[in-house]
Amino acid sequence: MTAPSTHTTKPATGIPALLKTGFINAVIALVLFSLMVGIRTEAGSEGQLTYWTRFGELASLVAAVFGGSIVIELLRQWIGPTGAEKLVPPAVQSGMSFVGRYLAPALLIFTLLVPVIFYNQRYILDLAILVLTYVMLGWGLNVVVGLAGLLDLGYVAFYAVGAYSYALLATNFGWSFWICLPLAGILAAFWGVLLGFPVLRLRGDYLAIVTLAFGEIIRLVLINWQTLTGGPNGVSGIPRPTLFGIPLNNSDEGLAAKLGIEYSPTHRIVFLFYLILALALLTNWVTIRLRRLPIGRAWEALREDEVACRALGINTTTTKLTAFATGAMFGGFAGAFFATRQGFISPESFTFQESALVLAIVVLGGMGSQLGVALAALSMIGGFELFRGLETYRMLVFGWAMVLIMIWRPRGLVGHRAPTVYLKKAQAISSDLVKEGHG
Amino acid sequence: MSGERILDVDQLTMRFGGIVAVQDLSFAAERRKITALIGPNGAGKTTVFNCITGFYKPTGGAIRLTHDDGREIALERLNDFRIAKQAKVARTFQNIRLFPGMTVLENLMVAQHNMLMRASGFTLLGLVGVPAYRDAEKRAIDLATDWLKRVSLLDRADDAAGNLAYGDQRRLEIARAMCTEPALLCLDEPAAGLNARESAALSELLLSIRNELGTSILLIEHDMSVVMEISDHIVVMDHGVKIAQGTPREVRDDPKVIAAYLGADEEEAMAVMESGS
């Protein structure tokens, strides 16, 4: 073994220890998978229960666990118990910082060109729109979780408020998307403040539970308030967005006819793409500006130490409420976009799973980092599609990938924090020092 | 006691359930003076501090702060952040409470939050980048730089506060409190954990705050060399009550004080003193 000798407490090395670990894990796998995989049950032709055994699959799974745990154990000993980053040579580090500097502009240019490059690939354009929606949601939640350190598990509630605001205003009053968009944001922000008030005194886990409950309440209200929301049937026939009043359809009034070009349904997709890109970039720009303003610094200070904030005369109540309201507003914008893109919304789209996914994006990206959140959304949503070929094993591979990333980069893809103001030189702050916030 | 008072503590009582932490405590702090609150561990000093700075609501009694312009504020009625914001009372903590993940400069910028919030039109004007806000931010950075020079941390301005050495963190916390431009600065054991050289530098810093800026200081301290050197007035507490007060010289020779610190009766302390002199 070439394990680094600087660590004082080394795990037991050597082949017997490796075999022992592998054997224990294989036994656990055998117990678990013998029922989950080893026996398959199904309803027979006459309704009776039929089952058959799949010992071959079971054996290969157990063998994979045995081999895999030995590989992981070897990797762990090679990397050392902690401080994995210390082993990265300086040359690689400087290379990574070079990549880091130009990654964001390169990504932005690529994103701007996506509809040009993939003009004829509807699938990729749809996927890009989906990724950008989650980038925007991630950036919005990042204000609450990453900057202010308030763990919000019910973010989808604001997404739902925004979506239903636009859907109901547009279908009932015929208001245009561009009037409804700010209204959806304002309404979501209003609900953010409403949620904020009762949870101000709560911290950490308790805050997470209450926000989770809030998300469920909104969804249940949407299901049960049939007269307004249409209940489980949702709202359909939501108007498509227009380019300042010019519809993007095949009529004589449509944009294609006005420009004198042949109509193509792709025009609308490209328009939606640039719309969500603009909304996401607005979210990003506002967040970056807010971070450099006193309110943004107060959010981060609140995450670091709430008691010290109070001693400095910072009103922690309004500071938390503004964080909730700002995050909720961006969620509302994204919701309005979702409604206009789908043309149909129902409470099905706003389950806890969405909240969890957006939170996972923020955590995986590195809390507080804009670039990290964008990369995480790209890898979570785009990566999930990438594994489509694996069919039923998709979730398994995906879960594995997440576990591995969190082991190697526990503070997310971009863990360090950039200062908001400097005298001589801006130095990135190591993630070890930055607090996660406790409510 | 003569002179103009900035802080009047009158019959302050603080109970936690059945435990009386502070009982009918009365003392005053004079303007542009350094008042020290001393006493053995568990005497209730930090409780008094927490009552003055709004972290506890006193069970009974009054705490009155008188500003330069004669404005009187009843601190026991203000709570939470308002004491720092409206009454201009700043404090530091016994166990340092900086923002470790923010830079030294950012720590001092957060301290000027309320001024900067007004200048940024409560964020809306700042978001569009009006020149008035940029000027205010520049002034805030200048004030922060000025304080960094005073506590000799200027070359660490862009480092994370959590990376500073212990003594530097203590000084930064004082600088951060002073960036709120307080009328009364409350320091909870500022010399704890400092070596002799750092303690001497601290004494110098506190004297310069008093002499050059005219800020009144109230401090809790165990390091008697610091207390005796810089205090104008000392209040001694034991078991939640005041047992003595006066100038450093008066307090040093008070048998009750010696008894409290040695944990002995008054008679024994007298005997010790007599045999010593």
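## Around Ser199(B)

The model is predicted.

Ser199(B) sits in helix H8 of chain B, which covers residues 196-213. Is Ser199(B) buried or exposed? Its relative accessibility is 5%. Buried means under 20%, so Ser199(B) counts as buried.

## Chain B as a whole

Chain B has 12 helices and 10 strands. Its radius of gyration is 20 Å. The globule rule gives 19 Å for 277 residues, and the two values are close, so chain B is as compact as a globular protein of that length. Along the principal axes, the C-alpha atoms of chain B fill a box of roughly 70 × 40 × 35 Å.

Of the 277 residues in chain B, 56% are buried. Contacts across the sequence can be described too. Take the contacts in chain B between residues at least 6 apart in sequence: 64% of them join residues at least 24 apart.

## Surface and charge of chain B

Chain B exposes about 11,800 Å². Carbon and sulfur atoms supply 49% of that area.

Chain B carries 31 positive and 39 negative charges. How far apart are the mean positions of the positive and negative charges? In chain B they are 7 Å apart.

Most residues other than glycine have a negative phi. Asp24(B) has a positive phi of about 45 degrees, although it is not a glycine. Asp24(B) belongs to strand S2 of chain B, residues 19-30. At 42% relative accessibility, Asp24(B) counts as partly exposed.

His239(B) is not a glycine either, and its phi is positive at about 50 degrees. Where does His239(B) lie? It is in the loop between strand S9 (233-238) and strand S10 (241-246) of chain B. The relative accessibility of His239(B) is 66%. Exposed means over 50%, so His239(B) counts as exposed.

## Chain A as a whole

Chain A has 16 helices and four strands. Its C-alpha atoms fill a box of roughly 75 × 75 × 45 Å, taken along the principal axes. Buried residues make up 46% of the 439 residues in chain A. Among contacts in chain A between residues at least 6 apart in sequence, the share that joins residues at least 24 apart is 72%.

The accessible surface of chain A is about 22,300 Å². Carbon and sulfur atoms account for 68% of it. Chain A has 30 positive and 22 negative charges. Their mean positions are 11 Å apart.

## Glu216(A) and its partners

Glu216(A) is found in helix H7 of chain A, residues 204-224. With a relative accessible area of 25%, Glu216(A) is partly exposed. Which side chain does Glu216(A) join through a polar contact of 2.9 Å? The partner is the side chain of Arg219(A).

Val156(A) is 60 residues away from Glu216(A) in sequence. In space, the two are 9.1 Å apart, C-alpha to C-alpha.

Note on methods. Residues numbered from 1 in each chain as written. Chains lettered and ligands numbered in written order. Predicted model: local features only at pLDDT ≥ 70, side-chain atom pairs only at ≥ 80, totals over all residues. Heavy atoms only, no water. Helix = DSSP H or I, 4+ residues; strand = E, 2+ residues; numbered from the N terminus. Rg over C-alpha atoms; globule rule 2.2 N^0.38 Å. Buried < 20%, exposed > 50% of the residue type's maximum accessible area, 1.4 Å probe, protein only. Contact = heavy atoms within 4.5 Å. Areas by Shrake-Rupley, 256 points an atom, 1.4 Å probe, with all protein chains shown as cover. Lys, Arg positive; Asp, Glu negative; His and termini not counted. Charge placed at Lys NZ, Arg CZ, Asp CG, Glu CD. Polar contact = N/O pair within 3.5 Å; in protein donor to acceptor, adjacent residues only side chain to side chain.
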